[in-house]
Amino acid sequence: MPLTSASPPSTPAAKPRKLLWHRLIFGLWYRPVEVLDEARDRGVWGAAAFLSLLCGALGTLAKDSFWGQWDVSPVLALEAMAIWSVVMLLASLMLGAVTHAIARRLGGNGRFAPTASLFVVLFWASDLPRLALDTWLPAGSVPVRAAASVTAAFGCALAVLLIRGQHHLPTHRAVAAVSIQMLAAVALLKFPPGSG
């Protein structure tokens, strides 16, 4: 019987499962390693922009100056909120880009879009509980400051996991890649001067 060299029919590669925003944002809280691995090669710019704008709006609602402006002119107050939200979006994208650049400088080999966009998502997703409390409670209150401490530590840990996985860096280099910008953002946003 003659031997045939025909190869078995190849099965089509399974399409990657769609990573929905709610699975990405909330999954970072209860299964972060799995979510970051699932999102490894994906740019999530839509979720990053949405979270930046949402958190910018929540941060504005927490400020007494917003409500003072609201009493004078609601339209101007909403314009100020929109401007602040856009500023937060641009600043967040810059933080993600800087994080990617530092990781590459330290020997990483990750792609820009997944690194930068996921950095923005995890930064704001980890900050949502603090922002929600800050909207209703005084900025210097114990629950707000406790939430700021916990979410800051959690956000830093997620950022290290992200850079370590995306750029295949050892943990100490991943920490170096995120430490400066995370500390600056935490100091300015979560523990701003005069909040104590």
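The dialogue below goes through fold, core, surface, aromatic pairs and salt bridges in turn.

Mentor: Keep in mind that this is a predicted model. Begin with the secondary structure, which gives names for the places used later.

Trainee: How many helices and strands does the protein have?

Mentor: There are eight helices and zero strands. Read from the N terminus, the order of elements is α-α-α-α-α-α-α-α.

Trainee: What share of the contacts joins residues at least 24 apart?

Mentor: The count takes contacts between residues at least 6 apart in sequence, and 72% of them join residues at least 24 apart.

Trainee: What share of the residues is buried?

Mentor: Of the 196 residues in the protein, 40% are buried.

Trainee: How should I read a nonpolar core?

Mentor: The general idea is that in soluble globular proteins nonpolar side chains tend to be buried together. In this model the largest nonpolar core has 34 residues, and L24, L28, V121, W124, L162, I163 and V178 touch the most other members. Two or more residues each are given to this core by helix 1 (21-30), helix 2 (32-38), helix 3 (45-61), helix 5 (74-105), helix 6 (112-136), helix 7 (142-167) and helix 8 (171-190).

Trainee: Which helix supplies the largest share of this core?

Mentor: Helix 6 does, with nine residues.

Trainee: How do I read an aromatic pair?

Mentor: Two values describe a pair of aromatic rings: the distance of the centres and the angle of the planes. A search of the whole structure gives seven aromatic pairs. One of them is formed by W45 and F112, with 6.0 Å centre to centre and 35° between the planes, and the pair is tilted.

Trainee: Where in the chain do W45 and F112 lie?

Mentor: W45 is in helix 3 and F112 is in helix 6, 67 residues apart, and the pair links distant parts of the chain. W45 is partly exposed at 36% relative accessible area. F112 is also partly exposed, at 39%.

Trainee: Why is the pair of F123 and W124 edge-to-face?

Mentor: The planes of the two rings stand at 90°, with the centres 5.0 Å apart, so the pair of F123 and W124 is edge-to-face. The angle decides the class, because planes over 60 degrees apart count as edge-to-face. Both F123 and W124 are buried; W124 was also named among the core residues that touch the most other members.

Trainee: Which residues do ring pairs link into a cluster?

Mentor: F66, W67 and W70 are linked in that way.

Trainee: Are R31 and E34 buried or partly exposed?

Mentor: R31 is buried, with 17% relative accessible area, whereas E34 is partly exposed at 46%.

Trainee: Which salt bridges does R130 form?

Mentor: R130 bridges to D127, with the closest N and O atoms 2.7 Å apart, and to D134, where that distance is 3.6 Å. D127 and R130 both lie in helix 6, three residues apart, about one turn of the helix. R130 and D134 are four residues apart in helix 6, so about one helical turn separates them. Salt bridges that share partners join D127, R130 and D134 into one network.

How values were computed. Residues are numbered from 1 along each chain as its sequence is written. This is a predicted model: local features need pLDDT of at least 70, side-chain atom pairs count only at pLDDT 80 or more; totals for chains, interfaces and linings use all residues. Side-chain values use heavy atoms; hydrogens and water are left out. A nonpolar core is a set of buried Ala, Val, Leu, Ile, Met, Phe, Trp, Tyr and Cys residues joined through side-chain atoms within 4.5 Å. Buried means under 20% relative accessible area, exposed over 50%, partly exposed in between (1.4 Å probe, protein chains only). Rings of Phe, Tyr and Trp (its six-membered ring) pair if their centres lie within 6.5 Å; planes under 30 degrees apart count as stacked, over 60 as edge-to-face and the rest as tilted. Contact means heavy atoms within 4.5 Å. A salt bridge is a side-chain nitrogen of Lys or Arg within 4 Å of a carboxyl oxygen of Asp or Glu.
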